[in-house]
Amino acid sequence: MNSQLRRTHILEYLAQADGPLSATALAHTLQVSRQIIVGDVALLRAGGADIAATPRGYVLPRDSAALLRTVAC
C-alpha cells in the first residue's frame with residue numbers, strides 16, 4: 001500500500017470510528033509502525049485535515065452545531 005492510500009484509509013477509519021483511535025491501533029490495522037501513523041497524521045493535518053489528538057487517540061471532530069444554543073436578545 002502506498003502512503004497516499006494509507007492516509008486515505010486513516011481518514012476513513014477515523015470518520016467511521018465511534019471514539020478515538022490510537023496510533024498503535026491504526027498501525028496494527030494498516031500493518032505499519034506507530035511512527036508511520038504519527039507522521040501520516042501530521043501530514044494530513046498539515047494538508048488541512050481536521051484531526052484532533054486526544055490522550056486516547058485521534059478523532060475527527062463531529063459537527064457540534066446541534067449542541068449550540070442561541071439566546072434571543
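**Salt bridges and helix packing**

Setting aside neighbours within four places in sequence, R7 touches D40, L43 and L44, where contact means heavy atoms within 4.5 Å. The model here is a predicted one, in which local features need pLDDT of at least 70, side-chain atom pairs count only at pLDDT 80 or more, and totals for chains, interfaces and linings use all residues. Residues are numbered from 1 along each chain as its sequence is written, and side-chain values use heavy atoms, with hydrogens and water left out.

R7 sits in helix α1, residues 3-16; helices (H or I, at least four residues) and strands (E, at least two) are DSSP runs, numbered from the N terminus. With a relative accessible area of 16%, R7 is buried; that label means under 20% relative accessible area, while exposed means over 50% and partly exposed in between (1.4 Å probe, protein chains only).

A search of the whole structure turns up 2 salt bridges, each being a side-chain nitrogen of Lys or Arg within 4 Å of a carboxyl oxygen of Asp or Glu. One joins the side chains of D40 and R6 at 2.4 Å, N to O. That pair links distant parts of the chain, with D40 in helix α3 and R6 in helix α1, 34 residues apart. Put together, R6, R7 and D40 form a network of salt bridges.

Now for the packing of α2. Helix α2 (residues 23-30) packs against helix α3 (residues 34-46) at an angle of about 110°, with the axes 8 Å apart. Axes are lines fitted to C-alpha atoms, for helices over the stretch in contact, and angles run from 0 to 180 degrees between N-to-C directions. The two helices, α2 and α3, are therefore roughly perpendicular, the term for angles of 65 to 115 degrees. From α2, A23, T24, L26, A27 and L30 meet R34, I37 and V38 of α3.

The buried residues of α2 are A23, L26, A27 and L30. Viewed down the axis of α2, they fall within an arc of 100°, so they line one face of the helix; the arc is that of the directions from the helix axis to the C-beta atoms. These buried residues pack against α1, α3 and β2 (57-59). On the other side of α2, T24 and H28 are exposed. Just after α2, Q31 takes a positive phi of about 55°.

Note on methods:
Parallel < 35°, antiparallel > 145°, perpendicular 65-115°, else oblique.
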